[in-house]
Amino acid sequence: MKFVTAIIHNEPFVGLLHEEKIIDIHKAEQVIFEMNSFPNTLVECVGLGDKFVQNVKQIVDKLKDAERVESYVYSISDVTILAPIPRPAKNIFCVGKNYREHAIEMGTEEDIPKHVMLFSKAPTTVIGHEQEIDPHSHITTELDYEGELAIVIGKKGKRIGEAEAMDYVFGYTIVNDITARNLQAQHKQFLLGKSLDTSCPIGPYLVHKSAISNPYDLTIKTKVNDEIRQDGHTKDMIFSIEHIISTISQGTTLEPGDIIATGTPAGVGKGFKPPKFLQQGDVIEIEVEGIGTLRNTVSG
């Protein structure tokens with residue numbers, strides 16, 4: 001099940017990708033069942049957990065014989081897809097150097113972490129599929145991309161053990177961790193270089209975990225202007241999703257809609273010699289197997 005937050009006729013709605021079309025699940029429920037049980041935002045729907053998923057499945061089961069489908073089933077080309085959670089309640093949790101070869105390309109083997117390395121991106125960084133990335137050319141000429149698998153938390157938890165960690169996952173999406181490398185180096189920490197406005201494209205879909213049988217069996221590919229830059233695989237993560245969730249939650253409460261980016265494979269712009277930083281007009285496409293392709297252009 002691939003969920004979206006989208007806009008049609010200037011109205012945002014929670015949708016489901018089904019047979020290459022987008023279903024407005026609120027309107028579908030009203031027409032098919034004469035009910036209105038869904039919250040107005042996807043993050044609130046995520047908080048309902050299995051109840052939300054089961055109700056959506058009932059709508060899909062009734063679609064074949066449903067009436068007035070034109071009032072709630074849209075062509076993808078007719079809607080604007082936003083980030084699944086357009087304004088997260090918290091900063092996005094991000095894992096640094098979670099792939100061995102990426103850690104080496106950013107330094108040496110001594111840079112391979114022994115413990116989970118965490119930083120965050122502000123909620124104001126978030127944009128959706130096909131939205132433009134501000135190059136921030138007044139403060140950086142070293143804008144970089146990082147294609148990542150991201151987790152979306154489905155229920156509240158603290159001090160979560162690794163054995164139960166996957167119970168707290170609602171689903172998966174794609175994150176492009178856009179980074180100003182000069183700011184990252186200049187300020188000796190990650191927040192400013194990682195938190196530029198528009199520097200966190202997310203989407204296009206939030207895929208329920210039931211559709212991803214094994215999150216450690218997914219390819220991650222990043223293209224810039226059709227050139228493959230990253231060609232990685234989630235099996236190469238240093239720290240598992242279970243370990244990441246458990247580590248964060250030991251002292252920080254995780255809540256429905258929290259987003260955790262799990263790290264990027266080798267092939268970022270800074271890793272090339274000479275570096276291949278993003279330029280105005282560049283098109284970045286990140287494809288994660290089983291989820292889809294997140295596409296954004298650097299404006300200018």
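What is the order of the strands in the open sheet of 5 strands? The order is E9-E20-E19-E16-E17, and the pairing is mixed. Keep in mind that this is a predicted model, where local features need pLDDT of at least 70 and side-chain atom pairs count only at pLDDT 80 or more, while totals for chains, interfaces and linings use all residues. Residues are numbered from 1 along each chain as its sequence is written, and side-chain values use heavy atoms, with hydrogens and water left out.

**The sheet**

- A word on names: helices (H or I, at least four residues) and strands (E, at least two) are DSSP runs, numbered from the N terminus.
- Two strands pair if DSSP finds at least two bridges between them.
- At the edges sit strand E9 (132-133) and strand E17 (227-233), and each pairs on one side only.
- Strand E16 (residues 219-224) runs antiparallel to strand E19 (residues 283-288), and the two pair over 5 bridges.
- If you want a spot to look at, Val224 stands opposite Ile284 in E19.

**The nonpolar cores**

- In soluble globular proteins, nonpolar side chains tend to be buried together.
- A nonpolar core here is a set of buried Ala, Val, Leu, Ile, Met, Phe, Trp, Tyr and Cys residues joined through side-chain atoms within 4.5 Å.
- Buried means under 20% relative accessible area, exposed means over 50%, and partly exposed is in between (1.4 Å probe, protein chains only).
- The largest core has 51 residues, and Leu149, Ile245 and Ile260 touch the most other members.
- Helix H7 (residues 241-249) gives this core its largest share, 4 residues.
- Apart from it there's another core, of 31 residues, including Val14, Cys45, Cys200 and Ile202.

**The largest pocket**

- A pocket is found on a 1 Å grid over the protein atoms alone: it is an open set of points where a 1.4 Å probe fits, with protein on both sides within 12 Å along at least five of seven lines. Lining residues have an atom within 4 Å of a point.
- The largest pocket has a volume of about 230 Å³, counted as the space filled by probe spheres set on the points.
- Its lining has 17 residues, and the closest to the centre are Lys97, Met106, Arg181, Gln184 and Phe190.
- Strand E6 (92-96) and helix H5 (181-186) each supply at least two lining residues, with the largest share, 3 residues, coming from H5.
- By class, the lining has 5 nonpolar, 6 polar and 6 charged residues.

**The salt bridges**

- A salt bridge is a side-chain nitrogen of Lys or Arg within 4 Å of a carboxyl oxygen of Asp or Glu, and by this rule the count comes to 15.
- Arg181 turns up again here: its side chain meets that of Asp144 in a salt bridge (2.8 Å, N to O). Arg181 is in helix H5 and Asp144 in strand E10 (residues 143-144), so this pair links distant parts of the chain, 37 residues apart. Both residues are buried.
- Glu227 and Lys276 form a salt bridge too (2.8 Å, N to O). Glu227 lies in strand E17 and Lys276 in the loop between strand E18 (259-261) and E19, so the pair ties together parts that are 49 residues apart in sequence.
- Glu227 is partly exposed, at 31% relative accessible area, and Lys276 is partly exposed at 30%.
- Lys121, Asp144, Glu146, Asp177, Arg181 and Lys194 are linked in a network of salt bridges.

Definitions and conventions
Ala, Val, Leu, Ile, Met, Phe, Trp, Tyr, Cys and Pro count as nonpolar, Asp, Glu, Lys and Arg as charged, and the others, Gly among them, as polar.
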